Amino acid sequence: MLKTLRVITIVAALGLLVSGCSTTEKNSDTPDGAFAIAQEYDESERYEEAIRRYTEVKNKFPYSNFATKAELAIADVYFKQESYAESQVAYQMFKELHPTAPQSDYVQFRIGMSYYNQLPTTIDRDLTLANDAILNLSEVIKKYPNSQYVTEAKEKRSAAIKMLAEKEEYIADFYFKRKIFDSALPRYEGLYNNYRNLGFDAKALSRAAICAAKIGDSSRAKKYQELLAKDFPDSKEFKAATKEIE
């Protein structure tokens, strides 16, 4: 029993010795060794130290291919940290410095996702970055149609577009409820013209027709009523608009 315990103790001590020396055994004076050390910190989620070490690789060995790897790794660490503003800048810089890199589709996707992940969870807040997310995710879809990231890029782009549509609806409804029809009208028109087939069409046309009627623009009111009659003849929205116009 005592002998077994002694063996276990020795094995455990050796294990600690090996794990403790894993980083120091690597040569930080070579690009591959320095990069491997940075990776260890990265994999153990010691992200601040990983960024410092990757930066050292980049600065110490600027002409090594490990410098390029370190640049991308820094962007990835920021993304893992959920520091999305920083990851967006880092990925963008990598894209500009290495436009023909084999990871170009991944980098473009991560730029879009860095913008997307900065979006607020509610539509009543600033959604300016949604346009940046849509633009960059669209580039993935257009430029890299066979990329493994296209499916998710499409999903996230659609989600960002829907958020903008909901924001437009939110503002339009705000004016409509307060009977500020001249301000509500262009919002409902924008909702219909810019966000077609997302589930807002009938409401947008109906409210646009009502707003136009309320401000005395009978020709616009009639135009939207006719579109409702054509596309949503049995809808409650068509009935509501017809009631107000007639």
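**Contacts, cores and salt bridges in a predicted model**

Q: Leaving aside its neighbours within four places in sequence, which residues is Ser206 in contact with?
A: This is a predicted model, in which local features need pLDDT of at least 70, side-chain atom pairs count only at pLDDT 80 or more, and totals for chains, interfaces and linings use all residues. Ser206 is found in helix 10, which spans residues 201-214; helices are DSSP runs of H or I with at least four residues, strands are runs of E with at least two, and both are numbered from the N terminus. With contact meaning heavy atoms within 4.5 Å, and with neighbours within four places in sequence set aside, the partners of Ser206 are Leu228, Glu237, Ala240 and Ala241.

Q: Is Ser206 buried or exposed?
A: The cut-offs are under 20% relative accessible area for buried and over 50% for exposed, with partly exposed in between, using a 1.4 Å probe and protein chains only. Ser206 has a relative accessible area of 4%, so this residue is buried.

Q: Which residues does Val107 contact once neighbours within four places in sequence are left aside?
A: Val107 is one of the residues that touch the most other members of the largest core. Leaving aside the neighbours within four places in sequence, the contacts of Val107 are Leu72, Tyr91, Phe94 and Lys95.

Q: How many residues are in the other core, the one with Phe61 among its members?
A: Phe61 is found in the loop between helix 3 (47-60) and helix 4 (65-80), and because its relative accessibility is 14%, Phe61 counts as buried. Not counting residues up to four places away in sequence, Phe61 touches Ser28, Asp29, Thr30, Pro31, Ala34, Glu56 and Ala67; the C-alpha atoms of Phe61 and Ala34 are 9.4 Å apart, although 27 residues separate the two in sequence. Apart from the largest core, this other core has Ile51, Phe61, Ala70 and Ala73 among its members, and its residues number 16.

Q: How far from Asp105 is the nearest side chain of opposite charge?
A: Asp105 is found in helix 6 (residues 104-116) and, beyond the neighbours within four places in sequence, is in contact with Val140, Tyr144, Ser147 and Tyr149. For charge, Lys and Arg count as positive and Asp and Glu as negative, with His and the chain ends not counted; a salt bridge is a side-chain nitrogen of Lys or Arg within 4 Å of a carboxyl oxygen of Asp or Glu. Asp105 is buried yet has no salt bridge, and the nearest side chain of opposite charge, Lys143, lies at 11 Å.

Q: Which residue forms a salt bridge with Arg110?
A: The structure holds 16 salt bridges. In this one, the closest N and O atoms are 3.5 Å apart and join Arg110 to Asp76. Arg110 lies in helix 6 and the partner in helix 4, so the pair ties together parts that are 34 residues apart in sequence.

Q: What is the N to O distance in the salt bridge between Asp173 and Lys203?
A: Asp173 is buried, with a relative accessible area of 11%, whereas Lys203 counts as partly exposed at 22% relative accessibility. The pair links distant parts of the chain, with Asp173 in helix 8 and Lys203 in helix 10, 30 residues apart. The side chains of Asp173 and Lys203 meet with an N to O distance of 2.8 Å.

Technical notes: Residues are numbered from 1 along each chain as its sequence is written. Side-chain values use heavy atoms; hydrogens and water are left out. A nonpolar core is a set of buried Ala, Val, Leu, Ile, Met, Phe, Trp, Tyr and Cys residues joined through side-chain atoms within 4.5 Å.
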